[in-house]
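Student: I have a structure open and would like to go through its inside. Can you help me read it?

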Amino acid sequence: INNHLEVVRMNSCALTTFPQILLAMPNLQSIQLNRNKLRQLPEEIKNLPKLNRLTAYINELEGLPDGFYSLRKLEIADLYFNNIQKVSPLIEQMDSLDILYLSNNKLYSLPEEIGKLKNLSMLYLHHNKLSYLPTSISNLKTLKVLHINHNLFQEFPVQILDLTALEDLDISNNEIDAVPYSLTELKNLRLLFIQKNLYDED
């Protein structure tokens, strides 16, 4: 086994289980397992302490093991197009997380602990079943991109008004009937998508 490997790409390999050999490579920094048929990640993934990028989009993941949340150096987690139904409060441990892709899953809610991700700059939650955001979202002062389009929101999440670094906001394809005028106070906001809601400016 090559203990010096830092990057492994195993995309489109028809994998149904996580390759156990990867768990014996403690210097891994990046793993790509996209377009496979994985249903779960192993608890032992926590034994990859240097991992800073994990992409496993277009799989069949139904959840995330506690060990995943122990990846303290993980900066990018790309998990879109899976079947994830829940995010654990343990996510508060992932204080290096910069970009989190959870779009195209089956999420109905997020834990309040997500508000402790002090370095998070991009959060992609579109195409889920969310109808509200945790109050703690307002603590994400470094967040620049928030996409919550194609969900079940009926009201504008007011926590967004506290995201002073926000540059790109997509709330389109929900059931939101009003957008607060105070949104104009987000001075860094450059992109705003609100189409296909119930919004009526009158």
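Student: Which residues line the largest cavity?

Tutor: This is a predicted model. In it, the lining of the largest cavity is made up of L64, F68, Y69, L79, V87, I91, M94, L97, L100 and L102.

Student: What volume does the largest cavity have?

Tutor: About 50 Å³. A search of the whole structure turns up one cavity of 30 Å³ or more.

Student: Back to F68 and Y69. Are they buried or exposed?

Tutor: Both F68 and Y69 are buried. The structure has four aromatic pairs. F68 and Y69 make an edge-to-face pair, because their ring planes are at 80° and over 60 counts as edge-to-face. The ring centres are 5.2 Å apart.

Student: What about Y57, Y80 and F81?

Tutor: Those three form one aromatic cluster.

Student: New topic, the core. Which members of the largest nonpolar core touch the most others?

Tutor: F68, L146 and I160, out of 57 residues in that core. In soluble globular proteins, nonpolar side chains tend to be buried together.

Student: And what does I160 touch?

Tutor: Leaving out residues up to four places away in sequence, I160 touches L133, L146, I148, L166, L169, L183 and L186.

Student: Last one. Where is S88?

Tutor: S88 is in the loop between β4 (76–78) and β5 (99–101).

Student: Why does S88 count as buried?

Tutor: Because its relative accessible area is 15%, and buried means under 20%. Not counting residues up to four places away in sequence, S88 touches Y69 and P111.

Methods
Residues are numbered from 1 along each chain as its sequence is written. This is a predicted model: local features need pLDDT of at least 70, side-chain atom pairs count only at pLDDT 80 or more; totals for chains, interfaces and linings use all residues. Side-chain values use heavy atoms; hydrogens and water are left out. On a 1 Å grid over the protein atoms alone, a cavity is a set of points where a 1.4 Å probe fits but cannot get out, and a pocket is an open set with protein on both sides within 12 Å along at least five of seven lines; lining residues have an atom within 4 Å of a point. Grid points are joined across faces, edges and corners, and a volume is the space filled by probe spheres set on the points. A nonpolar core is a set of buried Ala, Val, Leu, Ile, Met, Phe, Trp, Tyr and Cys residues joined through side-chain atoms within 4.5 Å. Buried means under 20% relative accessible area, exposed over 50%, partly exposed in between (1.4 Å probe, protein chains only). Contact means heavy atoms within 4.5 Å. Helices (H or I, at least four residues) and strands (E, at least two) are DSSP runs, numbered from the N terminus. Rings of Phe, Tyr and Trp (its six-membered ring) pair if their centres lie within 6.5 Å; planes under 30 degrees apart count as stacked, over 60 as edge-to-face and the rest as tilted.
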